[in-house]
Each structure stands twice: as structure tokens, then as C-alpha cells.
Amino acid sequence: MSVPRRWRRPPLLIANPVLRYSVYGGVLVYLVLAISSVEVNWTRIYEGLDRGLRFIEGFLVPDFTTRSRDIWLGMVESLTMTVTSTVAGILISIPVGIGAARNIAPMPVYAVCRALIAVSRSFQEIIIAILFVAMFGFGPLAGFLTLSFATIGFLSKLLAEDIEEIDESQAEAIRATGAGWWQVINYGVQPQVMPRLLGLSLYRLDINFRESAVIGIVGAGGIGATLNTSMDRYDYDTAGAILILIIVIVMLSEYGSSQLRKRVQ
Amino acid sequence: MPVSIRDGRPVWQRRTPARQWAIWAAWLALVVLTVYCWQVMNRGTIWAFVEDAPQQAADLLSRSWPPAWHYLDRLWWPLWDTVNIATLGTLLGIVFAVPVAFLAASNTSPSTAILRPLALFIIVASRSINSLIWALLLVAIIGPGLLAGIMAIALRSIGFIGKLLYEAIEEIDPAQVEAVSATGASRLQVMDYAVVPQILPAFSGISVFRWDINIRESTILGLVGAGGIGVQLESSLARLAWSEVTVIFAVILVTVIVSEWVSAKVRQAFI
């Protein structure tokens, strides 16, 4: 048997050659089918290039002044919605999260809480917003409810996983002193999960602001509504200004929350 | 550990009084801020509509049940389009995100003065703007349809994949890079043999994770005209055909669950 003189690099991801080539083949067939089903209207794109240029111009030379009142109102709605919904979401997430942790909650409570989390996580904010707008009418209250609901799914799940991963010996030590259920939670569990809960809450504050910029498109108030209106009016200078504001606020809040998280954790 | 004297006996406390007061003040400030925001937010709320809500909800429920299952026949094509938007958008996003990530990682970036801040800015800008807003812009520029949806998903994915990938690149083991460069390998060969194998599992995981998120997001892009099942949702909502909306929600729910399952399986296989 001849020994190969040249070293050949082993395949990186899938070792079995039959499986590897069939995966490649499947991907290729899918790509051909998928790309061929995309209809592209080149004349429409060509006509749109002019608008694209105007939009880029609007982004480079934004107009903050003409619609400053609308932008201000939208921003105030978005920011207040973000704060209230994050606080309300956290307040509800804590009991739900405790209920969804297998190591401290009884089975029926666990099932109910996990079901609530699954429902909240599987629907997009936009879809929830459509339903809440239909029920509560247009405006930031519908947005507040949407974001609070979405916060519950996110925070409770992560909190529950965190509680499931705590150091059991600490909870057991508290239990051994004769502490009741509440005391075990308060002295054995809470100190262990608190730093991460604070970090996650700040992170969710970020996400809620970003989402508040979107749900306005379906009528739930906030800066998204202003942005949608300005796009409908072909007022790209204002749209550019709003986008720049969103980017700046997200950058600031991301920087601020990372600084705060460093101090807390 | 501060100890105060009470009734002539030392009593242990966890915090100094000043620190205790500071924590109380922070909580008070948070409560005040929340109440103030609540009041500002609800200045324009018409409470009559809110009191009406349970009735509206009951009405909505009665109109959306039973679901119009026959409508399902007209949802298969939009569903196929939705999956394509997510998949092609993710692929396109990866194509742009990989070079951006290599430029943004401090250990592989060719110029830390100009290119790295630029790459970081691209990542932040792409991450701050939701794919629905990207779709809103793109529909205005290149017209409604699948292409706008694919590009919106791609533009949003650049920031997500780019950020997680450049963090993975910065965390690689430098000893392997040194070993490969010690053999006299060129810059590109170092990338190929020392950097890429180390980040490949993370990269596959991140991409599949983003694909899963993109499936969720592509279901609603149609609301602004960017193709997929959202177009059907928009038209059913506009006609107040809530029994069709129920069917669409059911289809979206099943799709999301399946994609989450697929992504969890694939990530398990890679990592």
C-alpha cells in the first residue's frame, strides 16, 4: 500500500463524504429552485434608483426641523413606552420565571408558566401589536401592552433557566435552618440570580426601544408611526433624520447598559 | 462589614447606612420615572376604548372562530416565498457579514485606524434598524416584492452575524495562529488554517440561529409589501376577515416551531 506523500486537509464540518456531497447537492437544488422563484422587476428597480439616491441624500443631509414636532412626539411616546413596558414586564416576569423553574415550582404551576412563555415567545411583536390595537384602539397603550407581553416571554425564560442552574447547596443550607418556601427564595435563590436579572433587564430595555420603533407601523404609537408617515409622504429627509435618531439612541443605550452591567455584575 | 451598636450590643448589617440610602434613592427614582412616563404616555389615551376592550376581545374571538381552513390552499405559495426570503436573505447577509466581521475583529483587522471603526459602524447601524423598517425603505426604493424582503433580511442579518462572529474571532486561541505563522504561512494561509477552523463551529451556530430568527421576521415583512405570507395577512386584515387571519396565525406558529426545532437540531450537531 502506497503512503500518500502529500498531506491533505481533512474536511471541516461533515466527515462522511456521502453525506457531505448529498448535503451539497440538496443545497444546490434548493438554491436553484428558490432563486428561480424570485421575480425581479428590473424596470421598477431602475425607476426606483432615483428614489434610492434621494433617500441616501436624505440620510446624509437629514432634516430635523420641518417636522420637529412630530419627531419629538413620536420619540417621547417611544421612550415612555419603553420604560413603562420594561418595568411592567419585569414585575410580571419575576413570578412567572420563578413558576417556570423546575427545581422550585410544583408541576401544575410549572406547566402553566411554561405554556405562557411559549405563547409569548412564538409570536412576533408585530402580530401581538395587531391584536392589541384591534382591542385597545390606536396609540401607545397598545404598544405598552405588546412590549410588556413580549418582555414576559424573554425575561421569564432566561430567569427560569438561571434559577434552574443555581448552586443547590446554598438553597439547601437555607432550607436546613428551617426556612419556609418564601425564605428559601429570598435568601437562597434571589442573591444568586439578582446580578444576571439586572443585566437581562437592561438588555431588554434596549430591545424594547428598538421594537417600539417598529410596532408604530401597525398603529401602536411611537416613532415607528412617524417614520411610516414620512415614508408615505416621500419625505426622505425627515425619514433619514428619524433613522439617525434611532441609531444614536440605540448606540447610547447599548453603551450605557453595558457600562451599568459591568458595575452590577 | 459595617456593625452598628444597638442597645449596647453590636448588630451586624450588610451595608453601610450611606449605601443603604443610596439604594433606596435609586429605587425611588425608578418608581418616580415609571409613574411619570406612564402619565406622559397616556396623555392621549381614550379610556372609553380601553374599558371597551374585553367586549372588543370577545367580539374578535367570535369573528375569528371557526378558522376558514379552506383558505389554507392559497397559503402554500406565500409560505414557500417566506422560507425563501429568510434563507436567501440569511445567505446574502452571511456573504456581507463575514468580511465585515474580519475587518471588525481587533486581531484580524488590517487597519485599526480607519477600517475597524467603519466595520463597527456598519454593524451598529444594521443592528439598530429592524428588518421591518429596512423593508419599509426598500419597498419604497426597489418596489414591492420578494427582492425587497430578501435584502431587508440580509441588511439586518449583517449586524447580528457580524457582531457575534467578530466576538468569536477575537476569542480564538492565539497559539494556533502563531504556530501556523511560524511555518512561514502567508496572511491568507494563516486565516485559512489557523483562524477559520477555530471559528467554524461558532459561525455555523450563529448562522443557523439567525436563520431561525429570520423565519420569524420574514412572516411579517409582507405587511409593508415585501412579499411572503405577510402579504396575505395584510389583505385579510384590511378586509377584517378574522377567520382567515386565524388560519394565517396558525400557519405562522407551525412554521416558527418547525424552524426552531430544525435550528436546535443543527446547532446540536455542530457545537
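## Two domains in chain B

In this predicted model, the C-alpha centres of domain 1 of chain B and domain 2 of chain B lie 45 Å apart. The domain assignment places domain 1 at residues 1-39 of chain B and domain 2 at residues 71-270 of chain B.

## Overall form of chain B

With a radius of gyration of 26 Å, well over the 18 Å that the globule rule gives for 271 residues, chain B is more spread out than a compact globule.

Taken along the principal axes, the box filled by the C-alpha atoms of chain B is roughly 75 × 65 × 35 Å. Of the 271 residues in chain B, 38% are buried, and among the contacts in chain B between residues at least 6 apart in sequence, 70% join residues at least 24 apart.

## The hairpin of chain B

Strand β1 of chain B, residues 3-6, runs antiparallel to strand β2 of chain B, residues 9-12, and four bridges join the two. Within this pairing, S4(B) in the one strand stands opposite V11(B) in β2(B). The hairpin of β1(B) and β2(B) has two residues between the strands, and D7(B) takes a positive phi near 55 degrees there.

## Annotated spans in chain A

For chain A, an unreviewed UniProt entry places the feature "transmembrane region" at residues 21-38, 83-105, 126-155 and 238-256. In the model, residues 21-38 of chain A are 89% helix and 0% strand, and the end C-alpha atoms of this span lie 26 Å apart. Residues 126-155 of chain A are 90% helix and 0% strand, with end C-alpha atoms that lie 18 Å apart.

## Where the chains meet

The contact between the two chains takes 47 residues from chain A and 48 residues from chain B. On the side of chain A that touches chain B, the helices that each supply at least two residues are α2 (42-60), α3 (68-99), α5 (125-136), α6 (140-164), α8 (181-215), α9 (223-232) and α10 (236-264) of chain A. The helix that gives the most to this side is α3(A), with seven residues.

By residue class, the side of chain A that touches chain B divides into 31 nonpolar, 11 polar and five charged residues.

Key. Residues numbered from 1 in each chain as written. Chains lettered and ligands numbered in written order. Predicted model: local features only at pLDDT ≥ 70, side-chain atom pairs only at ≥ 80, totals over all residues. UniProt positions renumbered as here; feature names shortened; annotations may be inferred. Domains from an automatic or database assignment. Contact = placed C-beta atoms within 7 Å. Nonpolar A, V, L, I, M, F, W, Y, C, P; charged D, E, K, R; others polar. Pairing = 2+ DSSP bridges. Rg over C-alpha atoms; globule rule 2.2 N^0.38 Å. Buried ≥ 20, exposed ≤ 12 C-beta atoms within 10 Å, placed from the backbone.
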